[in-house]
Amino acid sequence: MDIDSCKNAQLCYNFSKAEVVLEADSIVSTIENLLKKEGLSFKKTRTNEMIIFRNIKIGEDFFIDISKNLVTVEIFLANQKDIKTMQKLLNKFIKDLTSFDFSILEKESSMNFRLFIHPFKTSTFKEVLSDLSFEFQREVSPFVLGIVTEKPEKFLLNQYKTWKSIPDEEKERVFEQILLMKETYFRNIKTQSGIIKKLNQIKKEIASNFGKDIEYKPKENDQDLAEFYFLDFAALYRAVELGLIRLRLSDFFEDFNLKGGK
């Protein structure tokens with residue numbers, strides 16, 4: 001059964017499997033760290049035996065409740081395009097995730113989606129948060145430089161123009177590193193949106209780790225910064241390799257004679 005049968009009703013599906021039960025404090029700590037990695041601000045409050053994360057800028061309203069081993073993620077969406085996107089995401093979650101339930105409450109001008117993760121599984125929560133943040137985030141941390149907010153194809157085509165403007169000597173110097181990054185981070189990704197989602201995720205992780213350094217360590221930090229900016233080209237190359245933008249591999253290397261190339 002898919003999400004289409006959930007319209008105009010409050011429904012719930014259970015896909016739970018036995019999991020190792022985590023303590024509530026461990027769950028709270030895990031969720032807090034993942035929110036920070038996504039570059040999201042939040043307010044954490046405690047009410048009786050429930051911990052609530054609020055003021056998270058995803059959708060029209062978004063909050064996370066933790067009660068014992070039950071985590072409830074609730075998102076309000078008013079835009080019809082966003083609602084359709086959310087329905088597609090639910091179909092994906094049903095197919096791919098365990099320990100996951102959901103319910104939908106339709107109102108006059110919006111939909112309230114509740115996602116239940118019980119027993120709590122970090123990988124399930126991480127995928128749910130990552131997808132919701134990617135699709136509906138209203139906040140981009142000022143510390144996450146270079147985050148992609150434009151449409152995937154427009155971003156990739158602009159990156160191609162930037163690549164073409166770089167002198168050949170510089171291309172030769174950085175190409176092997178870019179190729180390695182493409183294989184390391186993007187080799188299993190096959191769509192434009194998937195590439196950009198992964199790109200933003202990696203940038204947020206790099207920015208988060210970079211900001212935690214107490215001392216400046218030139219070699220380590222310079223390497224992080226290099227990866228931060230070369231990632232855009234690694235993402236571009238993966239898209240060109242798959243034919244996801246209207247370019248050929250020969251276009252990518254036009255006027256660029258790579259040693260050993262044809």
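User: What should I keep in mind about the numbering and the model?
Analyst: Residues count from 1 along each chain as its sequence is written, and side-chain values use heavy atoms, with hydrogens and water left out. In this predicted model, local features need pLDDT of at least 70 and side-chain atom pairs count only at pLDDT 80 or more, while totals for chains, interfaces and linings use all residues.

User: Why is α1 called roughly parallel to α3?
Analyst: Helices here are DSSP runs of H or I with at least four residues, and strands are E runs of at least two, numbered from the N terminus. Angles run from 0 to 180 degrees between N-to-C directions, with axes fitted to C-alpha atoms, for helices over the stretch in contact. Angles under 35 degrees count as roughly parallel, over 145 as roughly antiparallel, 65 to 115 as roughly perpendicular and the rest as oblique. Helix α1 (residues 24–37) and helix α3 (residues 122–136) pack at about 30°, so α1 is roughly parallel to α3.

User: Which residues make the contact of α1 with α3?
Analyst: With contact meaning heavy atoms within 4.5 Å, T30, I31, L34 and L35 in α1 meet T122, F125, K126 and L129 in α3.

User: How do you know that β1 and β2 pair?
Analyst: Pairing takes at least two DSSP bridges between two strands. Five bridges join β1 to β2 (residues 50–54), so the pair qualifies, and the two run antiparallel.

User: What makes β1 and β5 edge strands?
Analyst: The open sheet has the order β1-β2-β3-β4-β6-β5. β1 (43–47) and β5 (100–106) each have a single partner strand, so one side of each lacks a neighbour in the sheet.
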